[in-house]
Amino acid sequence: MLSRWFASLSPSAQSAIRGVSLAVIACALFAMLDSATKFTGTLLPMLMVLWLRFLAQAGVTSLVVLPRHGLLALKTKHIKFQLLRSVAGFCTTICAFFCIQSMPLANFTAIWSAAPLFIVVASAMIFKERVSPARWLLLAVGLLAVIAIVRPESDGHSLGWAALWPVGLLICGTTYQVLGSRLARLDPPTTTQIYTTWLPVLLVTPLVGLVWQPIDQWQILAAAAVMGLCSGIGHLLLLQAYTHATPATVSPFLYTQIGFAMLMGWLFFGQKPDAISLAGITVVLLSGLAGVWLSIREKR
């Protein structure tokens, strides 16, 4: 029945459905990635977790990319941009690690989902792109929602320096994505993915020996495998989604990651966002969707 319905659609509609489906699957994988990272972080030092995550991700990416493209995948027209994006991605992952360890997965995912609002402003400041008053308003609303989610004072206890990790996450993540949007016009996605995965491995490897401890639990190895598979395959699926559908079609469905994060936080860690967090998550979601709508309207 479903296959017949799909076959009856126009080619453009079929392509859009494929793109959306790949994006939703990628979001589910990213939520699983964060869950595995949170679990591993309770058993190993932060540097070891990052090293395992980057190494597994780089291995999966290499197995997918190198057999098809060989060493040509390393050829880049702008090595400085690739290096800067890789460092920004590395810093984003560090901030994300501490956010994941100090707050529910749904809260972290909602904060990360606010990044597109900041990307618009960053593009205006760096590339002199015009930003409408409506987008400035969405940025202000989204920022207030993020503050409500983080809540520097939670349950009567100050979060202290932990409240700054979401700030670093948004700053580094915005830099990472802005550079990624520019590199998309200069290098193939596979090239960018190779640099983004392997350069962090080279950064962390000399340091991991300082905190190394034996891995004697199969659960840690399984979590490392999940991190690598979910990160590597998830990013490649998301890149593939944009070959089937436009960003305007795909973007609204990226917010499904918040739902997947809520589900996995509840299943694996017994985390349930409270009323204030749910309100903040809802505002971030609506602000993001409004931003997508503005993008579609401005291109008409």
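When I speak of contact this morning, I mean heavy atoms within 4.5 Å of each other. The structure is a predicted model, in which local features need pLDDT of at least 70 and side-chain atom pairs count only at pLDDT 80 or more, while totals for chains, interfaces and linings use all residues. Residues are numbered from 1 along each chain as its sequence is written, and side-chain values use heavy atoms, with hydrogens and water left out.

Let me start with the whole chain. The protein chain holds 13 helices and two strands, where helices (H or I, at least four residues) and strands (E, at least two) are DSSP runs numbered from the N terminus. Of its 300 residues, 46% count as buried, meaning under 20% relative accessible area with a 1.4 Å probe and protein chains only, with exposed being over 50% and partly exposed in between.

Now to the first helix pair. Two packed helices are described by the angle between their axes and the distance between the axes. The axes of helix H3 (residues 46-69) and helix H4 (residues 79-102) come within 11 Å and cross at roughly 125°; such axes are lines fitted to C-alpha atoms, for helices over the stretch in contact, and angles run from 0 to 180 degrees between N-to-C directions. H3 and H4 are therefore oblique to each other, given that angles under 35 degrees count as roughly parallel, over 145 as roughly antiparallel, 65 to 115 as roughly perpendicular and the rest as oblique. On the H3 side, Met 46, Val 49, Leu 50, Arg 53 and Phe 54 meet Phe 90, Thr 93, Ile 94, Phe 97 and Phe 98 of H4.

H4 also packs with helix H9 (residues 189-208), at an angle of about 60° and with the axes 9 Å apart, which makes H4 oblique to H9. The residues of H4 in this contact include Leu 83, Ser 86 and Phe 90, and those of H9 include Tyr 195, Leu 199 and Leu 203.

Finally, which residues does Thr 37 touch, not counting residues up to four places away in sequence? Thr 37 lies in helix H2 (residues 11-41), and it counts as buried because its relative accessibility is 1%. With those sequence neighbours left out, Thr 37 touches Val 49, Arg 53, Phe 97, Ile 100, Gln 101 and Met 227.
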